[in-house]
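The exercises below ask you to read a structure step by step, each with a worked solution. Please keep the sequence and the model in view while you work.

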Amino acid sequence: MVKNAFIFLILIGVAMILVNLFAGFTGNVDLGQIANHYVANGPAEVGSANIVTAVVVTYRGFDTLGEVTILFLSAAIVGFFLKIENTDNTERNLKYTSEILNTASQVLVPIMILFGVYVFINGHLSPGGGFQGGAIIASGLVLMFIAQPKKEIGHKLINIIESISGVGFVLMGLAGVLFAGGFLDNNVIGLGKFGTLFSAGAIPIIYIFVGLKVGSELTGIALSLKENQNEA
Amino acid sequence: MLNIILAIFLGILIIVLAIMAVLNKNIVVAIIAAGAVSLFASVLYLILAAPDVAMTEAAIGSGLSTIIFFYVLNKINRQNG
Amino acid sequence: MMEKLNIQNIGLTVGILVILVGLWGLLTQKNLIKIVIGFALFDTGTHILMVSIGYIKYRTAPILDEAVDIRNAAKLVVDPIPQALVLTAIVIGLGITALMLSYVLKMYQNKKSLEINNYKDLKW
């Protein structure tokens with residue numbers, strides 16, 4: 001009873017804090033100074049039509065590098081905790097999925113992966129980018145794991161793709177130090193014509209690496225938690 | 001005006017589903033309700049002029065996160081019996 | 001009353017309420033998986049709150065195309081910075097949720113129980 005009253009008091013307190021924070025908030029009428037700079041000078045400095053992409057990849061690219069590192073760390077810890085034991089490779093009795101799910105997945109999975117690639121290559125022109133594209137690719141691969149349990153993707157292949165794309169991301173950042181203004185500066189190979197596919201300097205290349213890395217990490221997490229491994 | 005009505009509708013739906021996710025005794029129902037909260041939140045992001053966030057939330061919050069919860073629940077149920 | 005009813009205030013209210021519901025679930029539930037669900041709701045509520053703060057009335061998404069003129073863009077688009085932060089926060093949220101769930105799985109393998117009252121090893 002005392003405990004319930006205590007929880008009630010905590011909730012009331014948090015509610016009071018949040019309501020007081022926003023009681024006098026009437027909404028912005030204009031952009032702040034930093035946001036104004038990003039929107040006004042972003043197209044000329046970075047060459048990306050999607051301002052969110054410009055902020056994520058270039059202006060705050062270092063944050064993105066740290067974020068990808070955190071995701072890698074959590075994927076690695078999940079894999080470490082749920083280590084796959086080398087059980088004998090006798091016939092496991094996998095449940096067969098229905099014919100409809102199986103056939104539909106064979107049609108859908110390549111299209112989903114293609115759409116994920118489209119989303120992260122066009123990240124500087126339209127909504128989307130490396131994180132969204134990687135998540136879509138991982139969703140497609142998870143659909144494949146569910147519908148076709150016999151088909152397997154090894155952890156080794158996923159680890160190789162992840163390592164290569166991580167190293168590529170950092171190398172693109174270092175190329176910015178050597179050939180342009182600083183770490184992760186995208187003006188390495190010229191900005192190109194604004195609004196076309198081959199524009200915005202290194203942003204599409206960095207987003208391809210981010211997309212592959214996020215996709216392989218999320219697939220690795222799902223693969224570690226899949227149910228027909230680590231029975232013990 | 002239509003946007004405001006849609007936003008109010010989505011808000012009520014999100015809050016009801018969130019309370020359902022906390023209160024329901026059945027864990028499967030709770031997981032699906034939490035996934036639906038993310039799905040309707042992604043539509044709310046679209047109304048709030050954030051299409052990038054909406055795409056991420058729809059793919060991750062309601063897709064992969066729900067799948068991961070079900071994988072873990074499935075493993076726990078298998079060890080049980 | 002009527003002039004307070006705009007999309008931004010609705011977003012802020014929904015965000016605060018979802019945060020409170022998530023915190024309530026985090027504090028009152030006894031099942032470990034339900035605690036993780038409460039944490040995920042708290043996460044979603046924070047994201048809704050942050051995106052709502054960046055919204056500006058009558059403006060559109062921060063993507064420059066035919067609808068948004070480049071020279072006049074700063075008067076036409078919403079704040080891009082909260083959106084960029086939430087974008088990465090969602091992905092980290094999934095990583096943290098997966099990490100918590102793998103801890104739950106490991107705890108269940110040790111004690112065969114999901115009830116939080118059975119875990120008293122570190123209680124004094």
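**Exercise 1. Describe the secondary structure and overall form of chain C.**

Step one is to count elements: chain C has three helices and zero strands, where helices (H or I, at least four residues) and strands (E, at least two) are DSSP runs numbered from the N terminus. Following the sequence, the order of elements in chain C is α-α-α. The model is a predicted one, in which local features need pLDDT of at least 70 and side-chain atom pairs count only at pLDDT 80 or more, while totals for chains, interfaces and linings use all residues. Residues are numbered from 1 along each chain as its sequence is written, and chains are lettered from A and ligands numbered from 1 in the order in which they are written.

Step two is to look at dimensions. The radius of gyration of chain C is 20 Å, whereas a compact globule of 124 residues would have one near 14 Å; this radius is taken over C-alpha atoms, and the globule rule is 2.2 Å times the number of residues to the power 0.38. The C-alpha trace of chain C spans about 65 × 35 × 20 Å along its principal axes.

Step three turns to burial: of the 124 residues in chain C, 48% are buried, a residue being buried if 20 or more other C-beta atoms lie within 10 Å of its own, exposed if 12 or fewer, and partly exposed in between, with C-beta atoms placed from the backbone.

**Exercise 2. Describe chain A in the corresponding way.**

First, chain A holds eight helices and zero strands, and its pattern along the sequence is α-α-α-α-α-α-α-α. Next, the radius of gyration of chain A is 23 Å, against the value near 17 Å that a compact globule of 232 residues would have, and its C-alpha trace spans about 65 × 60 × 35 Å along the principal axes. Finally, buried residues account for 38% of the 232 residues in chain A.

**Exercise 3. Work out which parts of chain B touch chain C.**

Begin with the totals: 39 residues of chain B are in contact with 41 residues of chain C, two residues being in contact if their C-beta atoms, placed from the backbone, lie within 7 Å. On the chain B side, the elements that give two or more residues are helix 1 (2-23), helix 2 (27-47) and helix 3 (51-80), and helix 3 of chain B gives the most, with 15 residues. By class, this side of chain B has 30 nonpolar, six polar and three charged residues; Ala, Val, Leu, Ile, Met, Phe, Trp, Tyr, Cys and Pro count as nonpolar, Asp, Glu, Lys and Arg as charged, and the others, Gly among them, as polar.

**Exercise 4. Follow helix 6 of chain A to its partner in chain B.**

Start with the interface, where 17 residues of chain A are in contact with 15 residues of chain B. Helix 6 (130-147) and helix 8 (203-225) of chain A are the elements that give two or more residues to this side of chain A, and helix 6 gives the most, with seven residues.

Now take the packing. Helix 6 of chain A and helix 3 of chain B pack at an angle of about 30°, with their axes 9 Å apart; axes are lines fitted to C-alpha atoms, for helices over the stretch in contact, and angles run from 0 to 180 degrees between N-to-C directions. Among the residues that make this contact are A:F131, A:A135 and A:V142 of helix 6 of chain A, and B:M55, B:I60 and B:I67 of helix 3 of chain B. The residues of this contact divide into ten nonpolar, four polar and no charged.

**Exercise 5. Is C:T60 exposed, partly exposed or buried, and what does this residue touch?**

Locate the residue first: C:T60 lies in the loop between helix 2 (32-53) and helix 3 (80-111) of chain C. C:T60 counts as partly exposed because it has 13 C-beta neighbours inside 10 Å. Leaving aside neighbours within four places in sequence, C:T60 is in contact with B:A49, C:A67, C:V68, C:L76 and C:V77.
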